Amino acid sequence: MLSLLLLAGVTTGFLVSQESRDFRIAKNLDIFLSLFRELNTFYVDEIDPDKIVKTGIDNMLRTLDPYTVYFPESDADEFAILTTGKYGGIGSLVRGGGEYVVISEVYKGFPSDKAGIKAGDQIIKVDGVQLKGMASDKVSDKLKGSPGTDITVTVSRNGTELDFRMKREKIVIPSVPYFGMLDSKTGYIRFSSFTQDCIQEVKNALVTLKASNPQHIILDLRSNPGGLLTEAVEIVNLFVGPGSSVVSTKGKVKQYDEDYKTTKAAVDEKIPLQFL
């Protein structure tokens, strides 16, 4: 009887706790909705609903960890670039740092390269729209678009304004933009992203370098923003044999916990690695 009473007490306590939690969640959502309505009705300036809610969500997730992020539908292209390395654009990277955004890298063989745009060019206009003071992510959005669409980019180079007319193309960013032998003993692989199917590019680079009998390999991960966990496990599998645990994920719902292990024969388990 005592056991039954204890079990009943624990069960009742759990239900009360769950009801209290559900109540607090509902109450706080109601507070958020009420505050948003008040802002929308009485704030002196017009508010952008999408922007203000996105800011609220981003700041909420920022209190958790660096890896839980929200991608709204408007950022679907950014998410696709992160996971696949593909997008529609002119094939160049940009960075801020002054009144105008600057071209930091031009991908060989794509529209910006074929048109003659060079790293260091300042982007003054896109399709006649002045870009002075515009953030680099906004300029990047203007450069992107559906493959086949026309675009005119005006740049400043050594004080001279130049117009470049081109058509956007489907851009595929290589996961391994460069690899080679630095000297007779050192192989080097520049690895820029853990995107879909990047394993094949890294494997091809490693197999090619092994033909030159390197004594060690440098794997350059600088500026690599991350990407797909499964691809990272595959990369580890190039250097670690089958059956080794690489990483595990754990959460509140135990059925979704996962232990990721290597499953294939390694390309080379013994070669020393150096990471940059």
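The model is a predicted one. A search of the whole structure finds eight salt bridges, and the structure also holds two aromatic pairs.

**Helix 6**

- Helix 6 comprises 13 residues, 198-210, and spans 19 Å from its first C-alpha to its last, close to the 18 Å expected at 1.5 Å a residue.
- The buried residues in helix 6 are Cys198, Ile199, Val202, Ala205, Leu206 and Leu209.
- These residues lie on the same side of helix 6, because the arc they cover around the axis is only 135°.
- An α-helix has 3.6 residues a turn, so residues three or four places apart point the same way.
- The cover over the buried residues of helix 6 includes strand 9 (178-181), strand 10 (186-190), strand 11 and helix 7 (229-237).

- Asp220 belongs to strand 11, which runs over residues 216-220.
- Strand 11 is also among the elements that cover the buried residues of helix 6.
- With a relative accessible area of 1%, Asp220 is buried, because the cut-off for that class is under 20%.
- Beyond its neighbours within four places in sequence, Asp220 contacts Tyr188, Ile189, Arg190, Phe191 and Leu276.
- The side chain of Asp220 forms a salt bridge with that of Arg222, at 2.8 Å from N to O.
- Arg222 is partly exposed, at a relative accessible area of 48%, whereas Asp220 is buried.

- Arg157 and Asp121 are joined through their side chains in a salt bridge of 2.8 Å, N to O.
- Arg157 is located in strand 6 (residues 150-157) and Asp121 in the loop between helix 4 (111-115) and strand 4 (122-126), so this pair ties together parts that are 36 residues apart in sequence.
- Arg157 is partly exposed, with a relative accessible area of 22%, while Asp121 is buried, with a value of 2%.
- A salt bridge also links Asp150 with Lys167, whose closest N and O atoms are 2.7 Å apart.
- Because Asp150 lies in strand 6 and Lys167 in strand 7 (residues 160-167), the pair connects parts that are 17 residues apart in sequence.
- Asp150 is exposed, with a relative accessible area of 54%, and Lys167 is partly exposed, at 48%.

**Aromatic pairs**

- A pair of aromatic rings is described by the distance of the centres and the angle of the planes.
- Tyr178 and Tyr188 make a tilted pair, with 6.0 Å from centre to centre and 45° between the planes.
- Tyr178 is in strand 9 and Tyr188 in strand 10, so the pair ties together parts that are ten residues apart in sequence.
- Tyr178 is partly exposed, with a relative accessible area of 44%, whereas Tyr188 counts as buried at 12%.
- The pair of Phe191 and Phe194 is edge-to-face, with 4.7 Å from centre to centre and 75° between the planes.
- Phe191 counts as buried at 0% relative accessibility, and Phe194 is likewise buried, with a relative accessible area of 17%.
- Tyr188 and Phe191 are also among the residues in contact with Asp220.

Definitions and conventions: Residues are numbered from 1 along each chain as its sequence is written. This is a predicted model: local features need pLDDT of at least 70, side-chain atom pairs count only at pLDDT 80 or more; totals for chains, interfaces and linings use all residues. Side-chain values use heavy atoms; hydrogens and water are left out. Helices (H or I, at least four residues) and strands (E, at least two) are DSSP runs, numbered from the N terminus. Buried means under 20% relative accessible area, exposed over 50%, partly exposed in between (1.4 Å probe, protein chains only). Contact means heavy atoms within 4.5 Å. The expected span of a helix is 1.5 Å times one less than its number of residues. The arc is that of the directions from the helix axis to the C-beta atoms. Rings of Phe, Tyr and Trp (its six-membered ring) pair if their centres lie within 6.5 Å; planes under 30 degrees apart count as stacked, over 60 as edge-to-face and the rest as tilted. A salt bridge is a side-chain nitrogen of Lys or Arg within 4 Å of a carboxyl oxygen of Asp or Glu.
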